[in-house]
Amino acid sequence: MVENRMGLNNLLQQRYGTSAASRLRWESVKYGDDHNPTWTFIVYIDNIEYGQGSGSDKGSAKEMAAGVALMQLRRQWAHLLL
């Protein structure tokens, strides 16, 4: 499931156009054993942290971080998204 990641990318495209991809950065950290890891992803836009998410696999952690960032940006940019 990549709904939040797609929503985040679409919102950034709407706001920044072709430069959207260069403004987005992901950072990941793996905790725990290889057989039972916990992944944490942090999403940055213009080097400002907008969301964090953790999960047992990379995809779910990244999706959670994207969801947090999407909510933050929608609130912050509400006046621009009419």
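Accessible areas here come from the Shrake-Rupley method with a 1.4 Å probe. By that method the chain exposes about 5,200 Å², and carbon and sulfur atoms supply 50% of it. This is a predicted model: local features need pLDDT of at least 70, side-chain atom pairs count only at pLDDT 80 or more, and totals for chains, interfaces and linings use all residues. Residues are numbered from 1 along each chain as its sequence is written, and side-chain values use heavy atoms, leaving out hydrogens and water.

**Overall build**
- The chain has three helices and three strands, which are DSSP runs (H or I, at least four residues, for helices; E, at least two, for strands).
- Their order from the N terminus is α-α-β-β-β-α.
- The C-alpha atoms fill a box of roughly 45 × 20 × 20 Å along the principal axes.

**Aromatic pairs**
- The structure holds two aromatic pairs, meaning rings of Phe, Tyr and Trp (its six-membered ring) with centres within 6.5 Å; planes under 30 degrees apart count as stacked, over 60 as edge-to-face and the rest as tilted.
- Y16 and W77 pair edge-to-face, at 5.7 Å centre to centre and 80° between the planes.
- Y16 lies in helix α1 (residues 3-16) and W77 in the segment after α3 (58-76), 61 residues apart.
- The ring centres of W26 and F41 are 6.3 Å apart and their planes at 75°, so this pair is edge-to-face.
- W26 belongs to strand β1 (residues 24-31) and F41 to strand β2 (residues 38-45).

**Charges over rings**
- A charge sits over a ring if NZ of Lys or CZ of Arg is within 6 Å of the ring centre and within 35 degrees of the ring normal.
- R15 has its charged end over the ring of W77, 5.2 Å from the centre.
- K62 lies over the face of W26, 4.9 Å from the ring centre.
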